[in-house]
Amino acid sequence: QVQLVESGGGLVQAGGSLRLSCVASGSIFRFRISTMAWYRQAPGKQRERVATILSGDNPNYADSVKGRFTISRDNAKNTVYLQINSLKPEDTAVYYCNQKPPTEPEYWGQGTQVTVSS
């Protein structure tokens, strides 16, 4: 069983920055071969994927966050990060970490709240 623990959320003014972290329990090998992703869910909206990073370190972003969000991973620490710059009120959401190993079901964290004030 894998546990994902997110941190780094909070209340920030528009234009500010945050760095979210997600630490995965379990083996370093499983983490290294997993696709990691960040999703978000705003009140009354569906959960959307905002950034993905493959085991080979190829990041991919939703159009709405390109140029402002940066996903990265540290395989030695079983950690994935999401750097969020130029925050907008519409970025307000609960941000979730997701881990998808190649031959296992996906795992979810409990989420971390990001609130952007205008």
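Is Trp108 buried, partly exposed or exposed? At 31% relative accessibility, Trp108 counts as partly exposed, where buried means under 20% relative accessible area, exposed over 50% and partly exposed in between, computed with a 1.4 Å probe on protein chains only. Before going further, please note that this is a predicted model, in which local features need pLDDT of at least 70 and side-chain atom pairs count only at pLDDT 80 or more, while totals for chains, interfaces and linings use all residues. Residues are numbered from 1 along each chain as its sequence is written, and side-chain values use heavy atoms, with hydrogens and water left out.

**Stop 1: the aromatic pair**

Tyr39, at 15% relative accessibility, counts as buried.

**Stop 2: strand β4 and its partners**

Now select β4, residues 35-41; helices (H or I, at least four residues) and strands (E, at least two) are DSSP runs, numbered from the N terminus. Five of the seven residues of β4 are buried, so the strand is largely enclosed by the rest of the structure. Colour β9 (93-100) next: β4 and β9 run antiparallel and are joined by seven bridges, two strands being paired if DSSP finds at least two bridges between them. Within this pairing, Ala37 stands opposite Asn98 in β9. Then select β5, residues 48-53, which pairs with β4 in the antiparallel sense over five bridges, and where Ala51 stands opposite Trp38. β4 and β5 form a hairpin with six residues between them, and Gly44 in the turn has a positive phi of about 75 degrees.

**Stop 3: the salt bridges**

Side chains of opposite charge can pair when their charged atoms come close. The structure holds five salt bridges, each being a side-chain nitrogen of Lys or Arg within 4 Å of a carboxyl oxygen of Asp or Glu. Begin with Arg40 and Asp91, whose side chains meet in a salt bridge at 2.9 Å, N to O. Asp91 lies in the loop between β8 (79-84) and β9 and Arg40 in β4, so the pair ties together parts that are 51 residues apart in sequence. Both Asp91 and Arg40 are buried.

Move on to Arg30 and Glu104, which meet in a salt bridge at 3.1 Å, N to O. Here Arg30 is in helix α1 (residues 28-33) and Glu104 in the loop between β9 and β10 (107-108), 74 residues apart. Arg30 is buried, with a relative accessible area of 18%, whereas Glu104, at 24%, counts as partly exposed. For a contrasting setting, select Lys66 and Asp63, which form a salt bridge with the closest N and O atoms 3.2 Å apart; both Lys66 and Asp63 are exposed.

**Stop 4: charges over rings**

Finally, select Arg19 with Tyr81: Arg19 lies over the face of Tyr81, at 3.9 Å from the ring centre. A charge sits over a ring if NZ of Lys or CZ of Arg is within 6 Å of the ring centre and within 35 degrees of the ring normal. Arg73 likewise lies over the face of Phe31, at 4.9 Å from the ring centre.
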